[in-house]
Amino acid sequence: MRTASCRNSYRGNLLKNSAVALFATGFAALTVVSCSSGPGGTDAKPTPSKSAPAKPAPADAAARKDVLAAYSGMRTEQVKAFAKGKVSGTKLEKYASDKALATIEGSLFRYRQAGIVFKGEPKSTTKVTALGLDKKPKTATVTECWNTTHWTPVVKATGKDAASGNQPRRYTVTGTVRTIGEKWMVVGLTVDKDHPC
C-alpha cells in the first residue's frame, strides 16, 4: 500500500511540476511573441523609414519664389540690353543694382565699344542655395548654371560671328540677392568659368 501511495504521490508531483513547467514555457513563449518585431507584436520597435524632406515654411517658399523672379527678371532684361547694345529701353534697373548692375553695364560698354551685340537666347538654371530672412536687409544666394551655347556675340555691322573658340559656354554664376526696401534685387554676380555645369 505504501509503495502504491508513493507512486501516486510521485505521479502527482510529476504532473504538478509538468503543469508548472508548461505554464512557465507558455509564459516565456508569450513574452517572446509580445517582444518580437514580427507582425502582431504589441511592443515591436517601429522600423526606421526614410522621412520625406521637410517642406519649406510658407514665408520661406514665398521668399525663394521672389528671389528667383528677381534673378530671372535681371537675366531677361540683360539679354534685351545685349541684343541692342544698350541698357536704355530695358527694365534692367528694376531687377539689378549695385555691383551686379555695374558688372552687366561694364560688359555691355566693352562690347558696344567693339561693335558687338548678341543674338540668340542663353539658358539659365537657378537654385536658391542660401536664404537669410532674419537679417536686415534679407539676403539670398542663387547658384546658376549659365549656358551661352546659343547666345552668340556678332559684329553688329556685318552679323559675323565674333565668339572666341576657347571660351567656356556653360559655367557657374553665384548671384547675391537682397531686399532693398521690400523688394528683392540682384546686387552681385560672381562668374566661375573654371566650374562648368
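**View 1. Packing of the buried side of α4.** The buried residues of α4 pack against α2, α3 (92–95) and β6, where contact means heavy atoms within 4.5 Å. The model is predicted, local features need pLDDT of at least 70, side-chain atom pairs count only at pLDDT 80 or more, and totals for chains, interfaces and linings use all residues. Residues are numbered from 1 along each chain, and side-chain values use heavy atoms, without hydrogens and water. Helices (H or I, at least four residues) and strands (E, at least two) are DSSP runs numbered from the N terminus.

View 2. Ala 100, Leu 101, Ile 104, Ser 107 and Leu 108 are the buried residues of α4 (under 20% relative accessible area, 1.4 Å probe, protein chains only). They lie on the same side of α4 because they cover an arc of only 135 degrees around the axis, taken from the directions from the helix axis to the C-beta atoms. Lys 99, Arg 110 and Gln 113 are exposed on the other side (over 50%). Just after α4, Gly 115 has a positive phi of about 75 degrees.

**View 3. Lining of the largest pocket.** The largest pocket holds about 600 Å³ of space. Of its 25 lining residues, Tyr 111, Phe 118, Trp 151, Tyr 171 and Lys 193 are the closest to its centre. A pocket is an open set of points on a 1 Å grid over the protein atoms alone where a 1.4 Å probe fits, with protein on both sides within 12 Å along at least five of seven lines; lining residues have an atom within 4 Å of a point. The volume is the space filled by probe spheres set on the points, which are joined across faces, edges and corners. α4 gives the most to this lining, with five residues.
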